[in-house]
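I wanted a record of what I looked up in this structure, in the order in which I looked.

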Amino acid sequence: MNSLFSEIFGCYYKVITEIVNNSPLSVDEIRNIINEKGFAESCFHLLPKLETLPFIEKRDGKYYSRLENKIKMPITNIEKSWLKAISQDPRFELFAVDYDKSKLDNIEPLYEQAQFKYYDKYSDGDDFDNYYYQKHFRKINAALENTTPVKIVYQNPKGRITVNHYIPVKFEFSPKDDKFRFFAARIRNGKLIDYVCLNMGRILDVRNSNETYKGKLNLEPHLEKFDCEEPVVVEVYDDRNAIERFMVEFSTYRKNSEFDDNTQTCTTKIYYRKTDEIEVLIKLLSFGPTLKVLGSERFLKLFKYRIKKQYEMIKG
Amino acid sequence: MSEYSELIKNFSRIRDYMREFFVFGFKTRNDFNQKSKRTYDNERRRIENYLGDLTKWEYGDGGKKVFISVDSSKIPVNPFYKAYKSKSFTDNDVILHFLILDILTSNDRLTLDEITDLINDRVEFLFEPQTIRNKLKEYTEYGIITATKEKKAHYYSLNKCYFEDFGISNDAINFFSEVAPFGVVGSYINDRIDNKNKKFQYKHNFIVNTLEDNIMLDIINAIKQQKRVIIENYSNRDNVANNFNILPLIIYVSVQTGRRYVIAQGRGKYRFSVYRLDYIKGVKTLEKDDNFTQLKQTLESCFETSFSTALVREGKPEHFEMTLFVNEQTEDYIIKRLEREGRGGRVEKLRRNIYKYSNDVFDTNELTTWIKTFIGRVVELSGDNKKVINLFYDDVKKMAEMYGGGDE
């Protein structure tokens, strides 16, 4: 049975498992479980269903499991095959601390790496096989897990080497860049200096740190500072399949679109991180005259500047 | 008229609506005219139920539009996995699931008759042995149950193997469930072990692609077995469904544009054909094709002279050159861009601040979108395909006109 779409992986089975394994439960407690783990209207559909199940008994206002055991579903074949497949991924070693390879020996992988080709992935991705890269990743991961500072020797893009103390807060991975970055709080003399984003591949060494930091870490407000103040607004024309191409390509961004039936154009607002502005700009340039940037004013100025410069180069 | 249910039997319809709401997000109820209004209302309601606050709506000139608004770099888990967790089931399915797992937890191994007796002791009606046998067979195929034969009797036991037995870290499951193919399987494991992602976020992650994973799994299985398939191919562009009998060779993924393809033995004059996975609505597996290995080898050799999906043309590759202005003092990142994005192209310095990128590809047309990302610094384009080169210059002129002659 190799299907991805099955009730045994479904949300309702998961909720019922939770209910029988934690019984007896009151209606309110069950509602809380359903609201937390189910879909928005699951309470309405699932609650009456519970009373019809022969392995659940309602008495004295509580729901009791009539099962003899707690339910723990074994791992399925497709899950094992997926584990085997990911174990063959070059990035898997980054996480393979206590892993016993022999446990997956006789399992057929769900897919092989060679069955996929990522043809436009950047060629300067991280060296996941590198012993030191793996060592650094694991140390950063452990520091992130335990919220402990580490001393990092880092080479910035201009080649300058810095030594600072950080508490790693979150990893970020990009399949396009094929790189790990991580956000970290920079600590000095027990104080939080700022949050930074470091490239895993630029780390030269990671050591234990004698720094301490007792305060709270909250990355979100720092990241929110990078949200664009105004979205870029573009008008996309029904030419060279541009609307479809544009919509798929920009589907990783938060956006809001309107389609005008009369002009067959689509107007879209794209919300982006300020640090990604150039990336958005060149992505939009790649669409050529099949779209027009309408705003923001600042973004439009940047866009026009490039076109003007190019036009002048053509005119000679 | 059937009653509304939160769960669904068939994945394909919710897949279509979710994709429309997320990728396009501008269509109103009236635009979904292939199915009834009631179907639209039900699918919209389900998607709202599954995705909660990520589903938004707005009134515009054409009416109320529903859309899924999400920045994929800000979410810990792919929300579309929820669609895979919405499969409907019968009363018998759910009763047998829990009773079989419970009974086989208490008993090391049992025959069908013993299981049937124990189940029927616990229910007010009687299950036929055949119904229970079917469920046991299904669960054996899932790998949840092991069936063994001893003398003439079949014994069933719980396959007591759990994720924890493999020693694989929860971090690995969190990471690969978002970046590896068929990541939804990782999310099933995460559900079971109550593992939540707090460590990772993902940039340039095309989360909507998971909606084609069912289709991709059928194709991957065919590739493994070197079998042909019939695909039901439906393109939004021409609104036409076609069935193609193909020999799939590889899944071809663009991490920049979010498109995923299957490359197959070609039709007509083309050596290889390329099909978008999101256009495929169904897959039917056929017989093994002995040409697989040889075709795969030929395909591999085509990759060297392909910039994107043009793996189809015979003959000599086209030469292409792009000369760029790069301020060496401040813009070395442009040189790095040429090297890492150039897909086998050569980068050389011609003189101070002037660099040349050159490549030999089947179809220069494939480079056009990439070339335009360098608008503002292209000194010269040259090569065998004049049409593509002229198109670039024409496009720049058009853009200059669009933005007021570039004079602002």
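The entries below follow that order.

**Entry 1, conventions and confidence.** I worked with a predicted model, in which local features need pLDDT of at least 70, side-chain atom pairs count only at pLDDT 80 or more, and totals for chains, interfaces and linings use all residues. Residues are numbered from 1 along each chain as its sequence is written, chains are lettered from A and ligands numbered from 1 in the order in which they are written, and side-chain values use heavy atoms, with hydrogens and water left out. For chain A I noted an average pLDDT of 95, with 99% of the residues scoring at least 70; pLDDT is the predictor's confidence in each residue, from 0 to 100. Among the elements of chain A, the lowest mean pLDDT, 91, belongs to helix α6 (residues 219-224), and the highest, 98, to strand β5 (residues 150-155).

**Entry 2, strands within chain A.** I took helices (H or I, at least four residues) and strands (E, at least two) as DSSP runs, numbered from the N terminus, and counted two strands as paired if DSSP finds at least two bridges between them. Strand β10 (residues 232-237) of chain A pairs in the antiparallel sense with β12 (residues 265-271) of chain A over six bridges, and V233(A) stands opposite K269(A) in β12(A). β10(A) also pairs, again antiparallel, with β13 (residues 291-295) of chain A over four bridges, where V236(A) has L291(A) as its bridge partner. I then found an open, antiparallel sheet of three strands in the order β1-β3-β2 of chain A, whose edge strands, β1 (25-26) and β2 (56-59), each pair on one side only.

One salt bridge joins D395(B) to R240(A), with the closest N and O atoms 2.8 Å apart.

Strand β4 (residues 116-118) of chain A runs parallel to strand β9 (residues 248-253) of chain B, and three bridges join them; F116(A) stands opposite I251(B).

Definitions and conventions. Salt bridge = Lys/Arg side-chain N within 4 Å of Asp/Glu carboxyl O.
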